[in-house]
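Student: I have a structure open here and I'm new to it. Could you walk me through it while I ask things as they come up?

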Amino acid sequence: MHQRSLQTLDFFTVSSSQRQDDPNQDSEQSASAQDFRANSFAKKNILSQWFPQIEYDEGDSWRIYLSRRSRALLMQIVLIGVILAANLGLTIYAISHYGSQNGVGTIYEGDCNKVQTLDQWLHLLINILGTGMLSASNYCMQLQAAPTRADIDRAHQAPSHEKNCVHQGGQWLDVGVPSFRNLRYISNWRRVAWALLAISSIPIHLMYNSAVFQSLASNDYTIALVKNSFINGSSWNLATAEANRRGDNGWDEKRVNPKHRNYTEIITNMQEDVMDTGWEKMNISDCFALYNDYFAPQGNGVIFVTNDTGSEDDSLLMYVSIVPRSDDWAKNMWALVNGTGPYFAARSPDLPVTKWFLGPKGYEVSHCRVQSPETIANKCRFQYSPPIMITVCVLNFIKASVMLCIWFTRKWQGAERSDADAAVIYTLGDAIASFMRKPDPTTMDMGLSTKDDFIRRHPGRSSLEKFPPILNRKPREWKEMPKFWFAAASIRLWFVLLFSGCLTLVIAAILLVISFTCLRHRNFSTTIPDLWKLGFGTLSPYTYLVAGLPREDPRGLISNVLLANLPQLVLSFVYIFYNAMLSTCLVQLEFSRMHLKERKPLRVSEPIGIQRSTYFISLPLRYGIPLYMSSALMHWLVSQSLFLARITAICADGSPETCPGGQVDVANSFSTCGYSPIAVFTTLIVGALVILSAVALGFRRYDGTMSMVCTNSMAISAACHVLEEDREDGYLLPVQWGVVEIKDGIGKCSFTTAPSNTLRMPVTGLMYR
């Protein structure tokens, strides 16, 4: 109905017999440069007799009522309120049902595949909630940073220009895009609200994805290398065993054999168990494979040798006690020496192993007896961090409270339509409407100015001080100059976006190549199918990030949370630059189409009558939805590429006083960061596509008829010095840009409600102001 009315109104104001469709006639009239003036301006009070919707206000139209900026803000408050309720509900439920210890609680304990599935889906939910929360916050931040007309006049130094037309001072502000530039000129309250929303976003980026995480179990165990007489109860001596292993880094090193363990008690219990129950007998191949797997259920083991012909006494040749580690020291280092003395390789040999030598003396392994893996407690855990979840809820509440305060304090909603200076300039349409109602004296007679005319520049290479631009009010020749979208945003913005995006991808690629080197060193293939076998977003002992961070909680948990989520913060900054770039290009696209004869009313944030309404500021849904979907996807991919992981150490049998078998070994459990090579590779591919899409958009073209004003408030105001007849009602009606007047051979370009047949398009070679 609204579109049909606009078409009827266009027919009413411009009859088909009056339209100027002959390009030759246009050319002849322009080339003659005869004086003329547009006429037959539209008037609201006259047209409303045929089209009463011109007089509609929010009380008459649901479209106008719902599109008020206060209602759009309320929708964002409802969104962030729903997210707060979800976060708070999940936090309360988790704490009340699962509890916690040392800042970590367990939601599920059992099958590792189920843990991995829970981890992936809950991280997807977290990234959806996080994207919704941050997009609502960013929307409100952009509203807060939008200047009023009074702010723009103060920045332009409009009063000084009005008193003295040769005054050269003034700064331009941004219109329709997120902007730091505007913060200097907006009110203190709006600046504080913007800062609270911005500051509360940073911790969310740094911890939200680590609210839940997977924890894999890894067993403590002790290995005893013995003679055959050990199973018959022969004597042994720890001192002899320790002397035999000396010099072998796999058996005698500070990263094995933890202190404060009663090894006499442990070895005695192992001897009794192997004598009483026999344990499970394994050949060399099976025994090596069992202890070569970091996360397989592993218990104590007794390894028998074949090549020791000494006394049956002193049956214990060597022993080593192993606990999970967060560094690059694998649990199976003791098994890899193969009689090479102090030298060993971290790479596992090709399986199956049929010959196995241990220790400096090269004891040859005969067979093993181990605790049956079926009797070993070893379960994966899906865990959460109550401090992180509570912190996210607090920050979510702060955002919701600030946004609610902003909504309550927006008393300008009723006043802004009558007070032009109090009107907040959110969109390009808001700016054009304001400057049509009240022309800006700063840019008088500068109708063809571009954004580059108002850039503050250095007077010389050696000078650090920037001087205000020289406002050139002389008539200038019009030239049709089609330009790429690259020209809309500043070189600095493009450089920051592309440099930060490419640098992030390069760093990630370098780390991925390094990880490939480490995997090859451990005999892993780095083909795509083999990388997929390591798991997408799955922790493995070969993909720890060795960063030298603290092991113990809560320091270990906090430091690894910050490290794991640092890429999330970097990614958010890249998307902020992407949003700013795309918004700038689209503001210019909207402006560049206003010379077309298919005229439309202005798209404003507080519509009156037939003015177009909008639920977005500068990103239409066809651009905004893909941007936010790609943002959520990238955040999820990053969460699967680098993530917080917990390793839960499980006590072995044999030390009931210090570490009862099957219980959690708190002292040797730790937090770490893991990475998934296949997820990193996928993230690189998607990230490269996102960056390439920005470059591809940059190669689109504007038609070049209208000036390149972009988001520059001075350049926009220069195009809005309308004729006197359009000042009162013009901003409420469909407008078109063109040459509205030629006097003494000098044309004037501006917006107007006059019919298209009374307008002219600028022509190359003629002068305009």
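Student: Let's start at Val 323: is Val 323 buried or exposed?

Tutor: This is a predicted model, and in it Val 323 is buried, because its relative accessible area is 7%, under the 20% that marks a buried residue.

Student: Where is Val 323 in the chain, and what is Val 323 in contact with?

Tutor: Val 323 sits in the loop between strand S7 (316-322) and strand S8 (357-358). If we leave aside the neighbours within four places in sequence, Val 323 is in contact with Asp 220, Pro 258, Arg 261, Lys 331 and Asn 668.

Student: You mentioned Arg 261 and Asp 220; what do their side chains meet in?

Tutor: Their side chains meet in a salt bridge, with 3.4 Å from N to O. This pair links distant parts of the chain, with Arg 261 in the loop between helix H10 (238-245) and helix H11 (263-276), and Asp 220 in the loop between strand S3 (212-219) and strand S4 (221-226), 41 residues apart. Arg 261 is buried, and Asp 220 is buried too.

Student: How many salt bridges does the count come to?

Tutor: The count comes to 14 salt bridges. One of them joins the side chains of Asp 153 and Lys 438, at 3.6 Å from N to O. That pair also links distant parts of the chain, since Asp 153 belongs to helix H7 (residues 149-156) while Lys 438 lies in the loop between helix H15 (428-437) and strand S11 (476-477), 285 residues apart.

Student: And for those two, buried or partly exposed?

Tutor: Asp 153 is buried, with a relative accessible area of 10%, whereas Lys 438 counts as partly exposed at 33%. There is also a network of salt bridges that links Arg 37, Glu 725 and Glu 741.

Student: You brought up H15. How many of its residues are buried?

Tutor: Nine of the ten residues of H15 are buried, so the helix is mostly covered. Among the buried ones are Leu 428, Ile 432, Phe 435 and Met 436. What covers the buried residues of H15 includes H7, H18, helix H21 (713-718) and strand S15 (746-752).

Student: Switching to cysteines, which two form a disulfide?

Tutor: Cys 287 and Cys 368 form a disulfide, with their sulfur atoms 2.2 Å apart, and the count comes to one disulfide. The pair links distant parts of the chain, with Cys 287 in helix H12 (residues 284-292) and Cys 368 in strand S9 (residues 363-370), 81 residues apart. Both cysteines are buried, and the torsion about their S-S bond is about -95°, so the disulfide is left-handed.

Student: Last one, what does the whole chain look like in numbers?

Tutor: The secondary structure comes to 21 helices and 16 strands, and buried residues make up 55% of the 769 residues in the chain. The chain exposes about 33,700 Å², and carbon and sulfur atoms supply 60% of that area.

Notes:
Residues are numbered from 1 along each chain as its sequence is written. This is a predicted model: local features need pLDDT of at least 70, side-chain atom pairs count only at pLDDT 80 or more; totals for chains, interfaces and linings use all residues. Side-chain values use heavy atoms; hydrogens and water are left out. Helices (H or I, at least four residues) and strands (E, at least two) are DSSP runs, numbered from the N terminus. Buried means under 20% relative accessible area, exposed over 50%, partly exposed in between (1.4 Å probe, protein chains only). Contact means heavy atoms within 4.5 Å. A salt bridge is a side-chain nitrogen of Lys or Arg within 4 Å of a carboxyl oxygen of Asp or Glu. Accessible areas come from the Shrake-Rupley method with a 1.4 Å probe; for residues, only the protein chains shown count as cover. A disulfide is a pair of cysteine sulfur atoms within 2.5 Å.
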